[in-house]
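Hi there,

Here is the structure I promised to pass along. Please have it open while you read the notes below.

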Amino acid sequence: MCTSEKHGDVFVLTLTGSSNVDEHRLGPSAIDSILSAIAQAKAEATPGSAFITTSHGKFFSNGFDLAWAQAAGSRTGARERVNYMFKSFRPLVAAMMDLPMPTVAAVNGHAAAAGFILALSHDYVVMRRDKGVLYMSEVDIGLTLPDYCAALFREKVGSATARRDVLLRAKKIKGEEALRMGLVEAAYDSEERVAEASMRLGKQLAGRKWAGEVYAEIRKSLYPDLCGVLGLDIKAVFSNSKL
């Protein structure tokens, strides 16, 4: 689940968890809640809006709600539930790519699997240096990646070595290394400093008063493979009244 509030021109979505509250797991209800918050921000967007996703405590998000999947009571039922979460998460990534404003992920703790994917779906990632960890667990737990997740990493992680270490080595990456690998914008020593830095960045970006539709189309044009997989069209937009 999540809560959503607005600070001036900055929308702030705070992950509050699902059945595993402290880990902010992304089950069906949490995914629906986040999608609703994104849709609300899009509907209320004005030139100069920005969007921040954050959470509190040890975890930014520890990924899909695997306990909910396992509660299906059979291996077949569990696999169906995992596939359902992967399918449900696709429109969330698409909504982030299509959001008409700059986006910032404030990763105050662990961002694992789908939690890492959620963070990487933002334009900027700010993380905690001392306790933050980025981790793609799929090879460790025996799950393949859906096409949109693979496309996200291909286009947003520029180094082939970094992609290998993240996806094929399941490396747990802390703040300083995440900076060196180009995965994050900045790293800070406490949850409070991450919150302050992300809000400061959000307000700086909002202060540019960019036309949201233009911003979204330029973003999509940077990641054509991902947008193609997600079914997002890329179109020309003119917001300059002189053109």
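Predicted model: local features only at pLDDT ≥ 70, side-chain atom pairs only at ≥ 80, totals over all residues.

**A look at helix α3**

Met 85 has its place in helix α3. Is Met 85 buried or exposed? Met 85 is buried, because its relative accessible area is 0%, and the cut-off for buried is under 20%. Leaving aside neighbours within four places in sequence, Met 85 is in contact with Leu 26, Gly 27, Pro 28, Ile 31, Phe 64, Asp 65, Trp 68 and Ala 69. One of these contacts comes with a distance you can check on screen: Met 85 and Phe 64 are 21 residues apart in sequence, and their C-alpha atoms are 7.1 Å apart in space.

**The two sheets**

There is an open sheet of 6 strands, with mixed pairing and the order β1-β2-β3-β5-β7-β10. Its edge strands are β1 and β10 (186-188), each of which pairs on one side only. From one strand to the next, the twist averages 20 degrees.

Strand β1 (residues 2-7) pairs with strand β2 (residues 10-15) in the antiparallel sense, over 6 bridges. Glu 5 has Val 12 as its bridge partner in β2, while Lys 6 stands opposite Phe 11 in β2. As a reminder, side chains in a regular strand alternate between the two faces of the sheet. The hairpin of β1 and β2 has 2 residues between the strands, and Gly 8 takes a positive phi there, near 65 degrees.

An open sheet of 4 strands has the order β4-β6-β8-β9, again with mixed pairing. Here the edge strands are β4 (59-61) and β9 (173-174), and each pairs on one side only. Strand β8 (residues 133-135) runs antiparallel to β9, and 2 bridges join them. Within that pair, Val 133 stands opposite Lys 174 in β9.

**Helix α9 and what covers it**

Helix α9 covers residues 191-206, 16 residues in total. From its first C-alpha to its last it reaches 22 Å, close to the 22 Å expected at 1.5 Å a residue. Which residues of α9 are buried? They are Val 194, Ala 197, Ser 198, Met 199, Leu 201, Gly 202, Leu 205 and Ala 206. What covers these buried residues includes β1, β2, β3 (50-54), β5 (103-107), β7 (124-128) and β10.

Arg 219 is found in helix α10. Arg 219 counts as buried because its relative accessibility is 3%. What does the side chain of Arg 219 reach at 2.7 Å? It reaches the backbone oxygen of Leu 99, and the side chain of Arg 219 also reaches the backbone oxygen of Met 97, at 2.9 Å.

Glu 217 counts as buried because its relative accessibility is 6%. Its side chain makes a polar contact with the side chain of Lys 220, at 2.9 Å. Leaving out residues up to four places away in sequence, Glu 217 touches Asp 233, Ile 234, Lys 235 and Val 237.

Happy to go through any of this with you on screen.

Best wishes

Note on methods
Residues numbered from 1 in each chain as written. Heavy atoms only, no water. Buried < 20%, exposed > 50% of the residue type's maximum accessible area, 1.4 Å probe, protein only. Polar contact = N/O pair within 3.5 Å; in protein donor to acceptor, adjacent residues only side chain to side chain. Contact = heavy atoms within 4.5 Å. Pairing = 2+ DSSP bridges. Axes fitted to C-alpha atoms, helices over the stretch in contact; angles between N-to-C directions. Expected span 1.5 Å × (residues − 1).
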